[in-house]
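Below, the terms used to describe a model are set against their definitions. Please look over the sequence and structure before reading on.

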Protein chains: 2
Amino acid sequence: MNKIKKRSDCPVSNSLDIWGDKWSLLIIRDLMDARECTYGDFLKSPERIATNILASRLQVLEENKIIQKLEHPESKAKVLYRLTRKGIDLLPILIEINIWAEKYFSFIPEDRKALLKEVKKDKAGFIKKAVKELEN
Amino acid sequence: MNKIKKRSDCPVSNSLDIWGDKWSLLIIRDLMDARECTYGDFLKSPERIATNILASRLQVLEENKIIQKLEHPESKAKVLYRLTRKGIDLLPILIEINIWAEKYFSFIPEDRKALLKEVKKDKAGFIKKAVKELEN
DNA sequence: TAACTTACTTGCAAAATGCAAGTGATTTTA
DNA sequence: TAAAATCACTTGCATTTTGCAAGTAAGTTA
């Protein structure tokens, strides 16, 4: 399953071939918000991803080293998902998406607005700090 | 056709509902590279989008005010597509995608590499200049 | 040890994608 | 000026992906 075929040499196209669908960036968003998530955590997100789609996306993201699986310290039945450095480095993209959305959508949740206010004060500083927090 | 349903209040999710598929950002990339394109120009791009998919994506992007149609000055048979300000403002996202891709993909075309070198010297300045050029 | 939770998988219907072949309006060519 | 070519699409149909609901197997709790 899921062997990605390269459509061109364009870096944008190759990026989209990995995470350019309606779900992958939401999984990545969840991991940026929470640092680590179980399978069930992803299912609880407001967009209500179907469980088979979630499984397939997690597999593609793991195969492409965007996320990694870790043992749960409290239970063998649970799995922890976390971003790799490659995945963490998608943060600037997510930030720019949020900034664009804030400019053009009328409704933005208050907590996002507050976070974006922080981001805009010092974008590079915010990213540096966030990367450090996500990276173990 | 194409009435988009909101999956949640998340700005990322709402953005993906408009342009979060494997093709839309490539159309937008083409418009950022060329400033204006005809229908045929999009078809010539290396990823070879199918003509029916192109038509459907252009419609969604136009409905969501990301692009606009203009008359071709030389021919009534041709149509010119251009980014709106809302579409032009996706540039920072495209730039961050390119930066991420450059870091993690082994092959990047030379012209992109050169452009990214420019970007990195002064990101805000580059964006300001590019926005001005794209905005008529 | 039985019920429950966890991370998935399976089967199937519905929707989206991809391909090839139109179509109708304009524009060029003979 | 009539025929051929070009342009921006549309249509029909096969393939692939998505989405929903119902499993399942391993591990945990009562």
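This is a predicted model: local features need pLDDT of at least 70, side-chain atom pairs count only at pLDDT 80 or more; totals for chains, interfaces and linings use all residues.

Q: Which elements make up chain A, and how are they counted?
A: Chain A has 8 helices and 3 strands, where helices (H or I, at least four residues) and strands (E, at least two) are DSSP runs numbered from the N terminus. From that end on, the order is α-α-β-α-α-β-β-α-α-α-α.

Q: Why is chain A called as compact as a globular protein of its length?
A: The radius of gyration is taken over C-alpha atoms, and the globule rule is 2.2 Å times the number of residues to the power 0.38. For the 136 residues of chain A the rule gives 14 Å, and the radius of gyration is 16 Å, close to that value, so chain A is as compact as a globular protein of that length. Along its principal axes, the C-alpha trace of chain A spans about 45 × 40 × 30 Å.

Q: What share of chain A counts as buried?
A: Of its 136 residues, 29% count as buried, the condition being that 20 or more other C-beta atoms, placed from the backbone, lie within 10 Å of the residue's own.

Q: Why are the two copies said to be related as by a two-fold rotation axis?
A: Copies are superposed by least squares on the C-alpha atoms of residues with pLDDT of at least 70 in both. A rotation of 180° with 0.0 Å of shift along its axis superposes chain A on chain B, with RMSD 0.0 Å. The two copies are thus related as by a two-fold rotation axis. Among the residues of chain A, A:Asp21 comes closest to this axis, at 2.4 Å (C-alpha).

Q: How do you know that the copies meet through the same surface?
A: The contact takes 37 residues from chain A and 37 residues from chain B, two residues being in contact if their C-beta atoms, placed from the backbone, lie within 7 Å. On the side of chain A that touches chain B, α6(A) gives the most, with 11 residues. Of the interface residues of chain A, 100% are also interface residues in chain B, so the copies meet through the same surface.

Q: What makes β1 and β2 of chain B edge strands?
A: In chain B, 3 strands form an open sheet in the order β1-β3-β2 with antiparallel pairing, and two strands pair if DSSP finds at least two bridges between them. β2(B) is joined to β3 (residues 79-83) of chain B by 5 bridges. β1 (36-37) and β2 (67-71) of chain B each have a single partner strand, so one side of each is left without a neighbour in the sheet.

Notes: Residues are numbered from 1 along each chain as its sequence is written. Chains are lettered from A and ligands numbered from 1 in the order in which they are written. A residue is buried if 20 or more other C-beta atoms lie within 10 Å of its own, exposed if 12 or fewer, and partly exposed in between; C-beta atoms are placed from the backbone.
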